[in-house]
Amino acid sequence: MKLLFDCDGTLIDSMGLWQKSMKELIKKSGHNLDTMIEYDRVQIESLSYADCIKYIWEHFVTGMSEKEVTAYFDNILENRYKNSIPEKKGAIETIKSLHERGYEMAVASSNSSALVKAALKRLGIHDCFKEFFTPDLTNLKKKPSRILGKYSQSIKNSNKNLIFLDDAGYALEAAKKAGIKTCGIKDFPWNENEWDAIKEIANYAVDGIGDFDYKSIQKVF
């Protein structure tokens, strides 16, 4: 059995930082994050780090260059990922416990590998994961189906023996279409509006990563 984890909103409590940083930036150009349409929200969440910033710059920012917008996010995010973003409640204990039980685990994220690895190293769980799948490491634009396919190909493993854990409905839906078992992770308030849909999509859902353990694997199947 292999376990594939999303990072932001699943292992680390970072969604609030992304929301706050983006909200403050686009407000200067007269846009409101709270009224952003669903299409734009999904695009921003699913794109790679670089493409996410480019999308925000092209659609929601005026009076700044793409380089300036990139520097804005880099300055905020690099510091917080390296120094202060906390685990999602119970993440460290859960990952270490699964690792000790011999489960092979990997991380799949649309974020940059540098940010993901910096946070997980600080939390002491980086080495629990065998592989990392991010757009900059796989040369794939973050399409969940492609990232998941890359992982299955890498481990030469049937999707039937893989569980994907994520807090985003679009990613869980992609996994479902690929024949992968899924576990939805609650990350309120950030995925509160789609939580009912997530519970319908996922094979199993938990109130947080701290509620997922080896016994949960049996419930997924």
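**Exercise 1. Find how far apart the centres of domain 1 and domain 2 are, and describe what lies between the two domains.**

Step 1. The centres of domain 1 and domain 2, taken over C-alpha atoms, are separated by 23 Å. Domain 1 covers 2–13 + 86–220 and domain 2 covers 15–84; such bounds come from an automatic or database domain assignment. The model is a predicted one, in which local features need pLDDT of at least 70 and side-chain atom pairs count only at pLDDT 80 or more, while totals for chains, interfaces and linings use all residues. Residues are numbered from 1 along each chain as its sequence is written, and side-chain values use heavy atoms, with hydrogens and water left out.

Step 2. Count the contacts (heavy atoms within 4.5 Å). On the side of domain 1, 21 residues are in contact with 19 residues of domain 2.

Step 3. Turn to the area. The size of an interface is often given as the accessible area lost when the parts come together. Here about 1,600 Å² is buried between domain 1 and domain 2, and carbon and sulfur atoms give 58% of it. Buried area is the accessible area (1.4 Å probe) that two parts lose on being put together, summed over both. In domain 1, the residues that lose the most area to domain 2 are Leu115, Tyr170 and Trp190, together 35% of what that side buries.

Step 4. Check the polar terms. Seven residue pairs are in polar contact across the interface of domain 1 and domain 2, both residues being at pLDDT 80 or more. A polar contact is a pair of N or O atoms within 3.5 Å; within protein, one must be able to donate a hydrogen and the other to accept it, and residues adjacent in sequence count only if both atoms are side-chain atoms. The count of salt bridges between the two domains is zero; a salt bridge is a side-chain nitrogen of Lys or Arg within 4 Å of a carboxyl oxygen of Asp or Glu.

Step 5. Sort the residues on the side of domain 1 that touches domain 2: 10 are nonpolar, four polar and seven charged. In this sorting Ala, Val, Leu, Ile, Met, Phe, Trp, Tyr, Cys and Pro count as nonpolar, Asp, Glu, Lys and Arg as charged, and the others, Gly among them, as polar.

**Exercise 2. State which residues of H6 are buried, and what they pack against.**

Step 1. Helices (H or I, at least four residues) and strands (E, at least two) are DSSP runs, numbered from the N terminus. Buried means under 20% relative accessible area, exposed over 50%, and partly exposed in between (1.4 Å probe, protein chains only).

Step 2. The buried residues of H6 are Ser113, Leu115, Val116, Ala118, Ala119, Leu120 and Leu123.

Step 3. Their packing partners include helix H3 (49–60), helix H4 (66–83) and helix H5 (91–100). Strand S2 (104–108), strand S3 (131–133) and helix H7 (135–138) are also among them.

Step 4. Just after H6, Gly124 takes a positive phi of about 80°.

**Exercise 3. Which residue forms a salt bridge with Lys88, and are the two residues buried or exposed?**

Step 1. The partner of Lys88 is Asp187, with the closest N and O atoms 2.6 Å apart.

Step 2. Lys88 lies in the loop between H4 and H5 and Asp187 in the loop between strand S5 (181–185) and helix H10 (195–201), so the pair ties together parts that are 99 residues apart in sequence.

Step 3. Lys88 counts as buried because its relative accessibility is 13%. Asp187 is buried as well, at 1%.

Step 4. Leaving aside neighbours within four places in sequence, Asp187 is in contact with Gly9, Asp13, Met15, Lys88 and Asp167.
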